[in-house]
Amino acid sequence: MKRILVTGALGQIGSELVAKLREIYGNDAVVATDLRSSAHEITRTGPFELLDVTNDKAMYEIAKRYQVDTIIHLAALLSATAEEKPLLAWNLNMGGLMNALEVARELKCQFFTPSSIGAFGPSTPKDNTPQDTIQRPNTMYGVNKVSGELLCDYYFHKYGLDTRGLRFPGLISYVTPPGGGTTDYAVEIYYAAVTQGKYTSYIAKGTNMDMMYMPDALTAIIDLMEADSSRLTHRNSFNVTAMSVDPEAIAAAIRKEIPGFTLDYDVDPKRQAIADSWPHSIDASAAKAEWGFRARYDLDAMTKDMLGHLGGRQL
Ligand code: NAD
Ligand code: AKB
C-alpha cells in the first residue's frame with residue numbers, strides 16, 4: 001500500500017491533489033503538510049501536520065513516523081512572488097527541494113515535484129517548444145525550476161532515486177486561488193466574470209501562454225507516478241499542456257456563457273516581462289509517447305466547467 005507525504009498541501013494544487021489521492025489510496029495513506037493550517041477539509045479527512053520544508057529534521061521525522069514511500073513536494077514560491085523576493089525564493093525553492101530529496105533518498109521514496117513553463121527563457125524557441133531545448137531563464141523562479149530539474153535527474157542517476165516531474169503550464173481551478181504566479185490572471189478572470197461581469201487584465205492582449213485545467217493536472221501527476229519506469233526516457237521534467245491562450249481567447253470563451261462580459265487592460269510591466277520570457281506554446285509529445293499523457297479539457301470545456309462551479313457557489 002502507498003503512503004504519500006505531500007508538502008505545501010494547502011496550495012492551489014495540493015488542496016485538490018490530496019483529496020484525489022485520498023480517494024484513490026485511502027484517507028490514512030496521504031499525509032498532508034503545510035507551513036500553515038487552515039479550515040480546508042484536507043486538514044480533517046486524513047493526517048495533517050505543520051511542516052516548514054526548510055526544516056530538514058522536521059521533514060525527516062514526519063516522513064519516518066508515517067513510514068511514507070512517496071514524497072510529492074509542492075511547497076514553493078511562484079514566479080511573481082519569487083521575482084519580488086529572490087533570496088527567499090532561492091532558500092525555499094532550492095533548500096526545500098534539497099531537503100525533500102534527501103529525505104526521499106534516506107527513506108528510499110518515490111519522488112515527484114513540479115517544474116514549470118517558467119523553466120524556459122527568452123532564448124528558448126517560443127512555438128511548439130520541444131521537450132529538450134535551450135533553458136536559460138531570466139527569472140529567479142526559472143533559475144530555481146531548471147536547477148530543480150537538474151537536481152532531480154542527478155538524484156536519479158547518482159542514487160537511483162525514482163524522481164519524476166512535470167513542467168506545468170498555468171493551472172486553472174476553482175477550489176483554491178493561485179498564490180503569486182504570472183498566469184494567475186487566467187483564474188482571476190473567471191471569478192471576476194461571475195462576480196462583476198468584467199475583468200481588467202494585467203497581462204497584455206496577444207500574450208499567449210500554455211494553460212491546463214486542474215483535473216487534467218491531477219490526472220497527469222497520478223498517471224506519471226504510476227507509469228512503468230522502464231518506459232521513461234525523460235524524468236525531470238515532462239512538458240504538459242492543454243491549450244495556448246491569451247486574455248482575448250479566454251474572454252471570447254467566457255462570452256459564450258456570459259454574453260455581456262467585458263475585458264480591458266492595465267498591464268503590469270513586471271508580470272508582463274515574466275510572461276514575455278516564457279514560451280507561447282509547448283510540445284507535450286514526449287509525455288504522450290512515454291506515459292500516455294492526455295488533456296481532456298480544451299478552452300471551451302474548461303470555461304463551461306469553471307463558470308458552472310463558480311456560478312453555483314457563494315464567492
Ligand atoms: P501555492 O502557492 O498555491 O501553494 C504553495 C503552498 O506552499 C502554500 O500552501 C504555502 O503555505 C506552502 N508553503 C510556503 N512556504 C512553505 C514552507 N516553507 N514550508 C512548507 N510549505 C510552505 O502553489 P501551487 O500553485 O500549489 O504550486 C505547487 C507547485 O507547483 C510549486 O512548485 C509551483 O512552482 C508548481 N507549479 C504550479 C503551477 C500553477 O499554475 N499553480 C504551474 C507550474 C508549476
Ligand atoms: C506561475 O505563473 O508562476 C505558475 C507557473 C506557470 O509556474 N502558474
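**Ground rules.** I number residues from 1 along each chain as its sequence is written, letter chains from A and number ligands from 1 in the order in which they are written. Since the model is predicted, local features need pLDDT of at least 70 and side-chain atom pairs count only at pLDDT 80 or more, while totals for chains, interfaces and linings use all residues.

**Confidence.** I looked up pLDDT, the predictor's confidence in each residue, from 0 to 100. The protein's mean is 96, and 99% of its residues reach 70 or more. For the complex I noted an ipTM of 0.99 and a pTM of 0.97.

My strands (E, at least two residues) and helices (H or I, at least four) are DSSP runs, numbered from the N terminus; two strands pair if DSSP finds at least two bridges between them. Six strands make an open sheet in the order 3-2-1-4-5-7, with parallel pairing. Strand 3 (48-50) and strand 7 (163-164) are the edges, each pairing on one side only. Strand 2 (residues 30-34) runs parallel to strand 3, joined by three bridges, and D34 sits opposite L50.

**Strand 10.** Strand 10 (residues 198-201) pairs with strand 14 (residues 262-265), parallel, over four bridges. Here Y199 faces L263 across the pairing.

**A287.** I found A287 in helix 10 (residues 285-291). Is A287 buried or exposed? I call a residue buried if 20 or more other C-beta atoms, placed from the backbone, lie within 10 Å of its own, exposed if 12 or fewer, and partly exposed in between. A287 counts as buried because it has 25 C-beta neighbours inside 10 Å. Its C-alpha atom is 8.8 Å from that of Q131, 156 residues away along the chain. Taking contact as C-beta atoms, placed from the backbone, within 7 Å, and leaving aside neighbours within four places in sequence, I listed F238, N239, V240 and F293 for A287.

Definitions and conventions: Two residues are in contact if their C-beta atoms, placed from the backbone, lie within 7 Å.
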